[in-house]
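Biologist: Please take a close look at one part of this model, the sheet, and then place it in its surroundings. Keep it brisk.

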Amino acid sequence: MINLLSPIQYIFIAAIVLYILDSVWEVGSLFRPGTFSKRLSNYFILTGLSFHCAFLIVVSIRSGTLPITTLFESSTFYLSLIVLLSVILKFLYRLQALTPFVMPIVTGFSIASIALIRNDLALTYNLKTFWLFAHIIPLFLGYASFTVSFIFSIMYLTQERQLKKKSFGPLFESLPSLETLDALMWKTITLGFPLLTIGLVSGTVWAKTSNILGLLWYLDPKVTLGALTWLIYAAILHLRLGASFHGTRVAIVTIAGFVIVILTFIGPFLMGHKHGYDKGSVKLEQEIEPEPPGIEKVKS
Amino acid sequence: MNLHTVGLNHDSAPVEIREKIAFSASSVPIALSSFTQSFPLSEAVILSTCNRVEIYATSPDNTLSKEALLDFFSAFHGLPKEKFADHMYHHQDMNAVRHLFFVASSLNSGVLGETQIISQVKEAYMTATAAETTGSILNQLFQRSLNVAKDVHTKTSIGKGNISVSTVAVDLAIKVFKDFSDKTIFIIGAGEMCELVLKHLVERGAKTAIVANRNYDKAKSLAEEYDGKAINYENLDDYLPQADIVISSTASPRPVIHTEHIKSAIKARRGNPMLLIDIAVPRDIDSQVAKIDNVYLYNIDDLQTVANNNAKDRKKDIGNCVVIIDNEVEKFMAWFEELKIGPAIAQLRNHFHEIGEQELERLRPKLGEIAHEEWEHIVYSMQRTLNKILHKPAKVGKEKAKNGGGYQYVETIKHLFGIHHKDETKK
């Protein structure tokens, strides 16, 4: 399959190779900082991310729109935003322990996404409208943000478990305090939530005005799951702000929220539903995801 | 040209001897200048801390020896040699270098991996520099020792992980809380250990402390010292919800904090984590408390285990430290021998040319009347021959010195040609 890749796709392969190296170095530097230098891992992640972005830029220029015209493109777009956000947080908060958790996951998903390269499901409708940008960019940024908050909750639970079990190994040393992780978890959720809201609202407007999802657009699985995601994160915000809901429990619900994010993203596709993505050959009168009507009501 | 160190430390001498041999900060410059008056060409550094007193000295004229240095100590402190000589160790050349690198890297310290010794070595060196008793050799040696110490500390875990119970408690606290400035520290039982932990936390930014003690006055005095608030021991439970960190060490035979107390405290805190440190024996906090969500409870054994493990980890890394040190000792000795090889080669050259001149003097009268020019040819030819013979040994000597084998090589050559060194004749 590899030999069927286009030259542009090799740029992405190069990014994956660097991500693999980075994952090894990031995890290695937790346990053997002497052998796996942090400087080298910074180099790997930044070069990997550059290749990744270069790939997406080339793809965008060629298609004239965001890199979301195929499921493969949108997956890699989503992954690049996660890496970007992690790198920003890593340097902003001097968080050495974040990327060792992020990169193996991103690398795994990147490798898995290669399987989608030849998948010819594609968006077939008008992809150059303002609504596409207003819908996709906030949503993807929101999803990336939730993904990182999911990573923080994994880190929180790991650290919390080590504190409870009194196992103070190298991982314990590398991970920041519970309070720090809790704060970052909270920050990324509060960053993701408004973005998700904007994305869903613009999607709703788009679906209603263009009719691209048909009359029963609100029954579309992606729309429904999007609404569910919104509800879950709204619940997290509400609980944390209002009730006795700190630490461990927030972490667990954040993980649940992320599972829904992933389901929204690839679930409909796995179930054979086309929502948004369709056989390029068959012109259907649909694309792109919008969201749920219920949502605005909940919000208010 | 030899390098000597003579001294004593906490292993070799009891404090009664150490305090007699020690130099106060103000007497070090005086001692140094009196030393260089006795040995005018020498370089010297004195390292005097509460754990060790050592002098490092080198002189190009080989006037230094263990005895000479012991005499110096004896004369300066006005103490008969017999009183302390048995406690003094002496290292020479490579062993002296290795000793200093060990000392600076804290491998020779009572507390393995402590960093204070680095600044003490640095200060000893600075004092000697200020007193102008260091030269090219000790400058090089001490600068390298500081670099080695830094290297050892960054590349190994010799200084990692705290090894005292009170600092381990702080280590745990920083894994629960980001910073302590907005946290409340609740001290129950105003014991020494509690105070020590509180002191460390305050150093890390903690500002609010509450102290409860059966003896209210004692609580009050501790609280005042740290700008805290003393409360009545009976009201302890009322203050628990405010406490982010509880440090308890009462003399109570039964637990003073029970599960219900903490459960209701956590509820009132809306799930904000609590760190409970119980350093009392018998324990003050019911062990069941550990099962409550967002509560982290550690007793004295937990802290001790961490401290012991850290100490073990430090010990485990000694091997790696020694590798780094030995490598640097080798590098220093290579430099040192290169320094020594120059004079040695000059000596060899003088020796050969002396022989040549003696032979020429013997030859001159035998030749009778010859032209000045012809005699010049003969002299020139002799010098050329000697220089050609000496060229190779000198070149190899310099190469050997670079690789660290110069000293032995020079000794062999001297031995081979019967060149005697002043210090060798002494031996």
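**The sheet of chain B and what surrounds it**

Modeller: Chain B holds an open sheet of 6 strands with parallel pairing, in the order E7-E6-E5-E8-E9-E10. The model is a predicted one. Two strands of chain B stand at the edges: E7, residues 229-232, and E10, residues 295-299. Each has a single partner strand, so one side of each is left without a neighbour in the sheet. On average, neighbouring strands are turned by 20° against each other, direction ignored.

Now one pair inside that order. Strand E5 of chain B covers residues 184-188, and strand E6 of chain B covers residues 208-213. The two pair in the parallel sense over 5 bridges. Take B:Ile185 as an example: its bridge partner in E6(B) is B:Ala209. As background, strands of a sheet pair through backbone hydrogen bonds, either parallel or antiparallel.

A helix covers part of this sheet. Helix H8 of chain B, residues 192-203, packs on the sheet. H8(B) touches E5, E6, strand E8 (245-248) and strand E9 (274-278) of chain B. The direction of H8(B) makes about 170° with that of E5(B).

Two backbone details in chain B deserve a check. The peptide bond from B:Val281 to B:Pro282 is cis, and its omega is near -5°. B:Pro282 lies in the loop between E9 and E10 of chain B, and E10(B) is one of the edge strands. The other detail is B:Ser106. Its phi is near 70°, a positive value in a residue other than glycine. B:Ser106 belongs to the loop between helix H4 (94-104) and helix H5 (116-130) of chain B.

Next, the partner chain. Chain B meets chain A through 16 residues of chain B in contact with 17 of chain A. On the chain A side, helix H5 (130-165) and helix H7 (178-210) are the elements that give two or more residues. H7(A) supplies the largest share, 4 residues. By class, that side of chain A has 6 nonpolar, 8 polar and 3 charged residues.

One helix pair in chain A can be given in detail. H4(A) and H5(A) pack at an angle of about 120°, with their axes 10 Å apart. That angle makes H4(A) oblique to H5(A). The crossing of H4(A) past H5(A) is right-handed. H4(A) brings A:Leu98, A:Phe101 and A:Val102 to the contact. H5(A) brings A:Ile151, A:Ile154 and A:Met155. By class, the residues of this contact are 6 nonpolar, no polar and no charged.

Conventions. Residues are numbered from 1 along each chain as its sequence is written. Chains are lettered from A and ligands numbered from 1 in the order in which they are written. This is a predicted model: local features need pLDDT of at least 70, side-chain atom pairs count only at pLDDT 80 or more; totals for chains, interfaces and linings use all residues. Two residues are in contact if their C-beta atoms, placed from the backbone, lie within 7 Å. Ala, Val, Leu, Ile, Met, Phe, Trp, Tyr, Cys and Pro count as nonpolar, Asp, Glu, Lys and Arg as charged, and the others, Gly among them, as polar. Two strands pair if DSSP finds at least two bridges between them. Axes are lines fitted to C-alpha atoms, for helices over the stretch in contact, and angles run from 0 to 180 degrees between N-to-C directions. Angles under 35 degrees count as roughly parallel, over 145 as roughly antiparallel, 65 to 115 as roughly perpendicular and the rest as oblique. A crossing is left-handed if the near helix is turned anticlockwise from the far one by less than a right angle, and right-handed if clockwise.
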